[in-house]
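The following paragraphs lead the reader through a predicted model.

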Amino acid sequence: MVKYKLLSVLCCLCFATARAQVGEHRSVLSIGANAGYVLSNVGFDPTVKQGMHGGMTGGLSVRYVCEKYFNTICSVYAEVNYASIGWKQNIKTAKNADVINENGLAEKYSRTLGYVQIPIFAHLAWGREQRGFNFFVQAGPQIGFLLNESTSKNYDTPNLDATTGRSNTIVAQESMPVERKFDYGIAGGVGVEWSHPRWGHFLLEGRYYYGLGNIYGSSKRDFFGKSNFGNIVVKATYLHDL
C-alpha cells in the first residue's frame, strides 16, 4: 500500500515538473493607446451595391500576459475604441455609368455611424518578449454601441428611371435610421510587435470584423433580412508595462 502511495506521489511530482517546464507563468499588465483606419460596409439582403466606407478608429488598449507555453506567449488583449464606420453606395446605371441627379452631378450617398467598440481577444505571439520582434495572431468577440449617425447625399429623390436611373433600385435604407444600436460579432487579426525594456511595445496589425447582429430588424415583416457589418481595420498600438 505504501509502495502505491509513493508511486502516486512520484507521478504527481513528475507531472507538476513537466507542467512547470512546459508552461512558464507570466504576470505582465500593459496599457496604452491605438489608432487606425477602418474600411467598412453593410451586408444588406436584398443587396445594396456598395464601395468601402472609410473612417478613423482609436482608443485605449490593455494587455495581460499570463503564460509562455512552449514558445507561445499567451495574453488577453482588449480595447475600448471610438470608430467611424458605415456604408457608401455605388450608384450606377445598368451600363455601369454614373446616375445623374437633378443638378447634373453624379449621385452619391453614404451613411456614417459612430460606435464605441469593445473587442476582447486571446492574443498569441511567437518571438521576442522584451527585446526585438514577435509575430502575433488574436481573435475573439467584439461588441459595439451606436452613439451617432449622419447621412451625406447630393440629391433629394433617387433616380429610379428605367432607362437612365439606377440598376440597383433598393433605396429603403437611405431613409431608415439605425434600429438596433447594439452590435456584436467576432474579430481576428495578425500583426507584428517590436518591444524594448525601456521604450515599451509597438504593434502594427491588420484585422477583420464580421458582425453577427443586424442594424435593422430582420423578421419576415421587416424590409431587410440581413444588415450586418464587415470591417477591415489597419491600426498601430503602443503599450507600456506597468
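**Aromatic pairs, strands and spaces**

In this predicted model, the count of aromatic pairs comes to 14.

The strands can be followed from β3, which spans residues 72-88. Of its 17 residues, 13 are buried, so β3 is largely enclosed by the rest of the structure. Strand β2, residues 53-69, runs antiparallel to β3 and is joined to it by twelve bridges. Within this pairing, K68 stands opposite I73 of β3. Strand β3 also pairs with β4, residues 109-127, in the antiparallel sense, here over 15 bridges. In that pairing, K88 has S110 of β4 as its bridge partner.

Is V62 buried, partly exposed or exposed? Its relative accessibility is 32%, so V62 counts as partly exposed. Leaving aside residues up to four places away in sequence, V62 touches L29, S30, I31, V76, Y77 and A78. The C-alpha atoms of V62 and I120 are separated by 9.7 Å, although the two residues are 58 places apart along the chain.

Attention now passes to the spaces within the model. How many cavities of 30 Å³ or more are there? The count comes to two. The largest cavity has a volume of about 80 Å³. Its lining consists of V38, T57, N81, I85, Q117, P119, Q142, R207, Y209, N231, V233 and K235. Strands β3, β4, β7 (200-211) and β8 (226-241) each supply at least two residues of this lining, and β8 gives the largest share, three residues. By class, the lining of the largest cavity has five nonpolar, five polar and two charged residues.

The second largest cavity holds about 60 Å³ of space. Around this cavity lie V48, K49, Q89, N90, I91, K92, R166, N168, I170 and Q173. Three of the lining residues are nonpolar, four are polar and three are charged.

The model also has pockets, and the largest pocket contains about 170 Å³ of space. The residues that line the largest pocket are K88, Q89, N90, I91, K92, D98, V99, A106, E107, K108, Y109 and S110. Both K88 and S110, the bridge partners described above, are therefore part of this description of the pocket. The lining of the largest pocket comprises four nonpolar, three polar and five charged residues.

The peptide bond from D45 to P46 is cis, with omega near 10°, and P46 is placed in the loop between β1 (23-45) and β2. F70 is not a glycine, yet its phi is positive at about 55°. The place of F70 is in the loop between β2 and β3, and the hairpin of these strands has two residues between them. With 56% relative accessibility, F70 counts as exposed, the cut-off for that class being over 50%. N96, also a residue other than glycine, has a positive phi near 65°. It lies in the loop between β3 and β4. N96 has a relative accessible area of 58% and is exposed.

Terms used. Residues numbered from 1 in each chain as written. Predicted model: local features only at pLDDT ≥ 70, side-chain atom pairs only at ≥ 80, totals over all residues. Heavy atoms only, no water. Buried < 20%, exposed > 50% of the residue type's maximum accessible area, 1.4 Å probe, protein only. Helix = DSSP H or I, 4+ residues; strand = E, 2+ residues; numbered from the N terminus. Pairing = 2+ DSSP bridges. Contact = heavy atoms within 4.5 Å. 1 Å grid on protein atoms, 1.4 Å probe; cavity = no way out; pocket = protein on both sides within 12 Å on 5 of 7 lines; lining within 4 Å. Points joined across faces, edges and corners; volume = space filled by probe spheres on them. Nonpolar A, V, L, I, M, F, W, Y, C, P; charged D, E, K, R; others polar. Phe/Tyr/Trp six-rings, centres within 6.5 Å; stacked < 30°, edge-to-face > 60°.
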